[in-house]
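Have a look at the model first, then work through the steps.

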Amino acid sequence: MSQEKLPETLRQGLRDELSAAVNYTRLSAKIKNTALKKAFLNYAIDEMKHAQNLTALLEAMGASGDEILLAENIDDDLYIHLVNYIACEEAAIFYYDILEKLFVNEEIKLTLKQIQMEEERHLTNISEIFNKLKSGEYING
């Protein structure tokens, strides 16, 4: 990938992170179970931190964030939300793995690796939530 295309690739990641933060926040508002509500709010906070990191990378490259159109998950089915989030987290893990390889700067690579590791943790945790919901462990989701 040419260096000219990196800002657009970062903007796509920024859009994904902001969309995830909004969707996790909206989902938490619909959840009655306090533990689940807290978990989704924590994911939203993590995603906002990722968005801040990507914004800082864009600024360091002299690129603007431009207007971001968010992808919103408006389905009320919790299982559909979770399946979508699992897929998004898997995509994010791949995205940060590839993005890290495109940068030479070790500090930037470390930041991207840290985000990737957080996305891996999200994937594990959300998969566990999905399985607990299926088994009936979470009541009043």
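Before starting, one cut-off: two residues are in contact when heavy atoms lie within 4.5 Å. Keep in mind that this is a predicted model.

**Exercise 1.** Work out how α2 and α4 are oriented to each other, and which residues meet.

*Solution.* Start with the axes: those of α2 and α4 come within 11 Å and cross at roughly 160 degrees. Angles over 145 degrees count as roughly antiparallel, so that's what α2 and α4 are. The crossing is left-handed. Now for the residues: on the α2 side, Phe40, Tyr43, Glu47 and Leu54 are among those in the contact, and α4 brings residues including Leu112, Ile115, Ile126 and Ile129. Sorted by class, this contact has 12 nonpolar, 5 polar and 5 charged residues.

**Exercise 2.** Which residues touch the most other members of the largest nonpolar core?

*Solution.* That core has 20 residues, and the answer is Tyr24, Phe40, Leu82 and Ile129. Helices α1, α2, α3 and α4 each give two or more residues to it. Next, zoom in on Tyr24: leaving aside neighbours within four places in sequence, its contacts include Phe40, Tyr85 and Ile126. Finally, there's a second, separate core of 16 residues, with Leu10 and Phe103 among them.

Conventions
Residues numbered from 1 in each chain as written. Predicted model: local features only at pLDDT ≥ 70, side-chain atom pairs only at ≥ 80, totals over all residues. Heavy atoms only, no water. Core = buried A, V, L, I, M, F, W, Y, C linked by side-chain atoms within 4.5 Å. Buried < 20%, exposed > 50% of the residue type's maximum accessible area, 1.4 Å probe, protein only. Helix = DSSP H or I, 4+ residues; strand = E, 2+ residues; numbered from the N terminus. Axes fitted to C-alpha atoms, helices over the stretch in contact; angles between N-to-C directions. Parallel < 35°, antiparallel > 145°, perpendicular 65-115°, else oblique. Left-handed = near helix turned anticlockwise from the far one by under 90°. Nonpolar A, V, L, I, M, F, W, Y, C, P; charged D, E, K, R; others polar.
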